[in-house]
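Below are my notes on the two-chain model, in numbered points. Please read them alongside the sequence and the coordinates.

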Amino acid sequence: MAMAIRVFLLLLFLSYSNLAFSLYEDQVGLMDWHQQYIGKVKHAVFHTQKAGRKRVVVSTEENVVASLDLRRGEIFWRHVLGTNDAIDEIDIALGKYVITLSSEGSSLRAWNLPDGQMVWESFLPGSNPSKSLLSVPTNLKVDKDSLILIYSNGCLHAVSSIDGEILWRKDLATEGIEVQQLIHPLGSDVIYAVGFVGLSQFDVYQFNAKNGELLKYNSAVFPTGFSREISLVSTDTLVALDASRSILVSISFRDGDIGFHQTHVSDLVQDSSVMAVILPFKLTGMFALKTNSIMVFIKVTDEGKLEVLDKIDHVKTVSDALPFSEGQQAFALVQQGGSKIHLTVKLGHDWSSDLLKESIEMDSQRGLAHKVFINNYIRTDRSHGFRALIVMEDHSLLLIQQGEIVWNREDGLASVLDVTTSELPVEKDGVSVAKVEHNLFEWLKGHMLKLKGTLMLASPDDVAAIQRIRLKSSEKSKMTRDHNGFRKLLIVLTKAGKVFALHTGDGRVVWSLLLHSLRKSEACEYPTGLYVYQWQVPHHHAMDENPSVLVVGRCGLSPNSPGVLSIVDTYTGKELNSLGPVHSIVQVIPLPFTDSTEQRLHLLIDADWHAHLYPRTPEAIGIFQHEFANIYCYSVKADKGIIKGHVLGKNCFLEVADEYCFETKDLWSIVFPESEKIIATVTRKLNEVVHTQAKVIADQEVMYKYISKNLLFVATVTPKAIGAIGFVTPEESWLVVYLIDTVTGRILYRMTHHGSQGPVHAVFSENWVVYHYFNLRAHRYELSVIEIYDQSRADNKDVWKLILGNHNLTSPISSYSRPEVITKSQSYFFTHSVKAIAVTSTAKGITSQQLLIGTIGDQVLALDKRFLDPRRSINPTQAEREEGIIPLTDSLPIIPQSYVTHGLRVEGLRGIVTIPAKLESTTLVFTYGVDLFFTRLAPSRTYDSLTEDFSYALLLITIVALIVAIFVTWVLSERKELQDKWR
Amino acid sequence: MGTKNQRSSHSNFFFLCLCFSLLVSSPSLAFQSDELLVDDEEFGLEGGRSPDLDLDLTTSTRSSPPPPPQATTRTQATRKKSSDPDSDSKVQFSLDHAFGDSDFSPAGTFTARLKTGSHGGQTLTKLRFSRNAFTETEKGLFKKLLEADDFYRIRVPSNVLSPPGRDYIISAVKARCIPREGLDEHFVIHMDGVNILAVNYGSTGSCQYPRQFKFPAKWYFNSHTVLKNSEVAPRTQAFTEEILGGENGEGEGIKPPERSFWAKYWMYLIPLGLIVMNAITQAMNMPEEQAAGQSASQPQQPMAATQRGQSTVVRRR
């Protein structure tokens, strides 16, 4: 009996000792989540198959072409083209191929509509950059083959839609024409290419579609010249604005005869003080003109006369005309007022009647409507219904049908600019008893199920239930702080100027805020978001305050443009304060000081190298003055090849006295020779924690890491080697890496890699830097590591010295001391090209580190730092082996199990962010690109906690069983002994 | 070579200096060579070329005895003596200094030999530095710096042939770091051909924090200058033979799937073994127990005897 119990218990414990090595199939999705996005939609082509599979094909600003389900908004298939392969146009050919024109009109691809497989691809050569136009005529057949017409790079191409073969090609660049439109009148074999030559000449070319033969050429000169906007009203009429934007010119070119008809804008619109703009919507028989805030719809009669149809205020966008039943055409216009959005669908030739008029309540955080695409369907009562796809200011995509939002996609998250984190609120006391009792039953049930699963008694249904419980576990998506620090808010700034808070448990959007300061306005024409910083992290001083983040942006694209700042509460998602436009912002330095309300001091450097202190309070100034002499900053001028160090000086000398503004003085400078161009600079993460400075190496020796927060890694290459790989020979290309102290401007280390070139991706942590570059001689990518050690502390090895206090370990370190450092370096081949490198970071820095490498395949590979140890040698000694040194190999191993993204791909990967959890063994990893991926990593396994699915019930039962067993055996032995004694 | 820079009244230092200059200017004392001059240049060239050896040239009379690297270079020089008769020329560039926010003024001159290599590459060798002593006004300014704990800044041109080149190289140090016995300063000049990239300027040793405010005992400079070129990264070794062995070696450490049968199933095997053992022991006990059971019907006395016997057997097992 006792033996049986022992065996049983042994079995139980053994089943637990088999801890997870990597990830099992049923653990996917437990602590990670993956979200797929597409980005802001540029074009949408509806495709309504009779089979009932309703889809829309879209192309986006993130260079994605995707097919979406119209019912639910899910992605059927998706392709992310390269970063420099922007999609110009999309269309559908033959009813089964999606045609995309990309890379400034030089590559044309056809994708199979149902599954997204690429059918063919053709390269369209051409030398003169020009507008890219794609036209897929519906009824243009050449030997059973439909033609696709493309105008790009100054050439007109006709491409077969079956195999992508170029059937004919006409170079129009030699004629000097800038083609604006390709027109194919229905049912004819003629193609019109219309455009401008120079400023004032209008040309019409007629081509035979079958063989590209030039049929006719006409040109006419309009004396005052044109502005480049045109709108095609019918197949033989165009409307353009003249150069002064005050005269509308309708151009008719029926049978090649060009006729101009002028109308003054002021005749049509009274308020013509503002520049008029022709909007690029494709409508029939009319066009839209925008002046000030009013949109004017103007009809063009057969004689070329213009008639104002309507003037509508608050119109945000108009769709292209959509042909539906028997030559009728419809288009939609979207108006916005208050929190509502008004969708009106009108018949093309009859302005007075509306086909559809709907008002939809719209979340104010979505901003204005930017684009609308409509699609028709047959209702159950055989009438025509319309649905609209609306692209909003925050880049989200919505489908509207029957006055409701059927689905929406938060596609703003495809363009994440910066990420920071925020803690969740602490759980409040006072959980009701009833809740506990209810939970107790659930809890027991859950554990019984788990127990069954562990003992392999579970039926498939039970297994499914276990999996469901695991995935749904309310524990991980709670809105409170947890003991292990796994639950946090990821504060994400997107390109649209919207801030999202994502819950790390399941990736849901907790709140979102479209920042007013980052919206397009008259004061701020091109707002761009830059960074997010933790502004206030309530600690022990100000527990009751909510944490907040600082969002930094600027109005415009150049670094000199004025900056905007706003502070956002991370619990409520409300903007607490916004400033701007203020001085320009080129650099933000979070200082290691906080004021009494735990607001972090930030130093913002403007383009004139003035430093501005935030928050602008006297208290902050007080703290700042105290540390004034010890604040240094540096600037990297990559275009000039100069790095300069600065120290703060007196208050700025401005017209208005500003005590929060300081001048900077140049302290040091490094001027790189003409033969070197800076391509990468990397510093350590400011919040990185280093557990110990000492590193015990083999035979009980100690090395001291040179840990300085002020180290800068710089990589330069020869000017010739800046381009892509393959354009430079190894002899004329070299890479120089530097380690620079940013306080004194000392070059601590400098090394040249001959025959190597960028791009360089690097990561700096503790006392080491790892960088990735291309070795031209070996034709391979390489990863190199530099470790830097402090020699000035190297004599502190004597135990007696340490005991007697005769050491310099506690003396403050000054940057002005002459550094006695030694560096170690080693290089290894690495198979992948790299998109981003990061390193895991843990709360105390005890856990060994892993490099996280975002590979070209959009996956994240975890590579132990031990593989990048410059002390690796081919035959390590026994002592070194014990220390954990791996024998040297020329290339780094890629172990398939160590992909942290396992089977998933983070399309368009751009960045990897690691966040320490409270649990020392664990680090949180957030990867962003077009997709988002979040997971939890334990580089040295979870040595400090039980796994999440540890069955406490089983442990309890075991203990109870053990106690029972003890008693039973005790009673048994007592009895036996008694029997023995009675003998 | 050292004597012209600093005039020292100490005769013993003068003697030491003389010894030192003799040692440097006649490098091949060991072998009576008539190619003294060429040899001398060669030595400089060597120092400039080899990346690991810093051409350390101390210009002060208080400097330490001749550093050992020179000896090594000299031996190398003899090896490379007649390789390429390079053309060379003298080049001079100035060191400027500024006190706090003041403008830069001349403070000294660097002289060096410009070597033109066989394939056109130019390098500087044999750097010498002559430091101007502080004038009275400069002393005053420097004292002010010491009081305010401000920066003493220096600058050199970024190109030694066409100063100032693209821009001046500036470096700075807190003035309180310099005074020791005299004024100790240390230059590390990072060169790339004829371009100066950066100057690491500071005190020769450590500079304690908080910085102490004290005036130097003697107002003259102890300057140490080091010329540094870039290190060249070793080529990544591509070993073909070792690959097999290396893979095997690392396979042990990092390939968990490739485990032995025992390693994979030990958690099942051990309990199984235990069960089997248990079963065997029970099977062994079974006959005896049966025997005991049979004897139960027999009178008490013998049974107890047998039982006692059995129990001893069990206990002994």
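1. A salt bridge is taken here as a side-chain nitrogen of Lys or Arg within 4 Å of a carboxyl oxygen of Asp or Glu. By that rule the structure holds 39 salt bridges over all chains.

2. On conventions: this is a predicted model, in which local features need pLDDT of at least 70 and side-chain atom pairs count only at pLDDT 80 or more, while totals for chains, interfaces and linings use all residues. Residues are numbered from 1 along each chain as its sequence is written, chains are lettered from A and ligands numbered from 1 in the order in which they are written, and side-chain values use heavy atoms, with hydrogens and water left out.

3. One salt bridge of chain A joins the side chains of Asp394(A) and Lys498(A), at 2.4 Å from N to O. Asp394(A) lies in the loop between β33 (384-392) and β34 (397-401) of chain A and Lys498(A) in strand β38 (residues 498-503) of chain A, so the pair ties together parts that are 104 residues apart in sequence. Helices (H or I, at least four residues) and strands (E, at least two) are DSSP runs, numbered from the N terminus. Asp394(A) and Lys498(A) are both buried, where buried means under 20% relative accessible area, exposed over 50% and partly exposed in between (1.4 Å probe, protein chains only).

4. A second pair in chain A is Glu787(A) with Lys865(A), whose side chains form a salt bridge at 2.8 Å, N to O. This pair also links distant parts of the chain: Glu787(A) is in strand β58 (residues 780-790) of chain A, and Lys865(A) is in the loop between β62 (860-864) and α7 (878-883) of chain A, 78 residues apart. Glu787(A) is buried, with a relative accessible area of 2%, and Lys865(A) counts as buried at 10% relative accessibility. Elsewhere, salt bridges with shared partners join Arg366(A), Asp394(A), Glu410(A) and Lys498(A) into one network.

5. Arg684(A) and Glu688(A) also meet in a salt bridge through their side chains, at 3.0 Å from N to O. Arg684(A) counts as buried at 7% relative accessibility, and Glu688(A) counts as buried at 10%.

6. How many residues of each chain are in contact across the interface of chain B and chain A? There are 61 residues of chain B in contact with 61 residues of chain A, contact meaning heavy atoms within 4.5 Å. The area buried between the chains is about 5,200 Å², of which carbon and sulfur atoms give 56%. Buried area is the accessible area (1.4 Å probe) that two parts lose on being put together, summed over both. Arg166(B), Leu197(B) and Thr236(B) supply 13% of the area that chain B buries against chain A, more than any other three residues.

7. The rule finds three salt bridges across this interface. Glu674(A) and Arg166(B) meet in a salt bridge through their side chains, at 3.4 Å from N to O. By class, the side of chain B that touches chain A has 28 nonpolar, 18 polar and 15 charged residues; Ala, Val, Leu, Ile, Met, Phe, Trp, Tyr, Cys and Pro count as nonpolar, Asp, Glu, Lys and Arg as charged, and the others, Gly among them, as polar.

8. Between chain B and chain A, 18 residue pairs are in polar contact, both residues at pLDDT 80 or more. A polar contact is a pair of N or O atoms within 3.5 Å; within protein, one must be able to donate a hydrogen and the other to accept it, and residues adjacent in sequence count only if both atoms are side-chain atoms. The elements of chain B that each supply at least two residues of the side touching chain A include β6 (168-174), β8 (195-202) and α6 (261-295).

9. Ser669(A), in strand β49 (residues 661-671) of chain A, is buried with a relative accessible area of 2%. The side chain of Ser669(A) reaches the backbone oxygen of Tyr168(B) at 3.0 Å. Leaving out residues up to four places away in sequence, Ser669(A) touches Ile643(A), Lys644(A), Tyr168(B), Ile169(B), Ile170(B) and Leu197(B).

10. Strand β55 (residues 747-754) of chain A pairs with β10(B) in the parallel sense over two bridges; two strands pair if DSSP finds at least two bridges between them. Thr752(A) stands opposite Val232(B) in β10(B).
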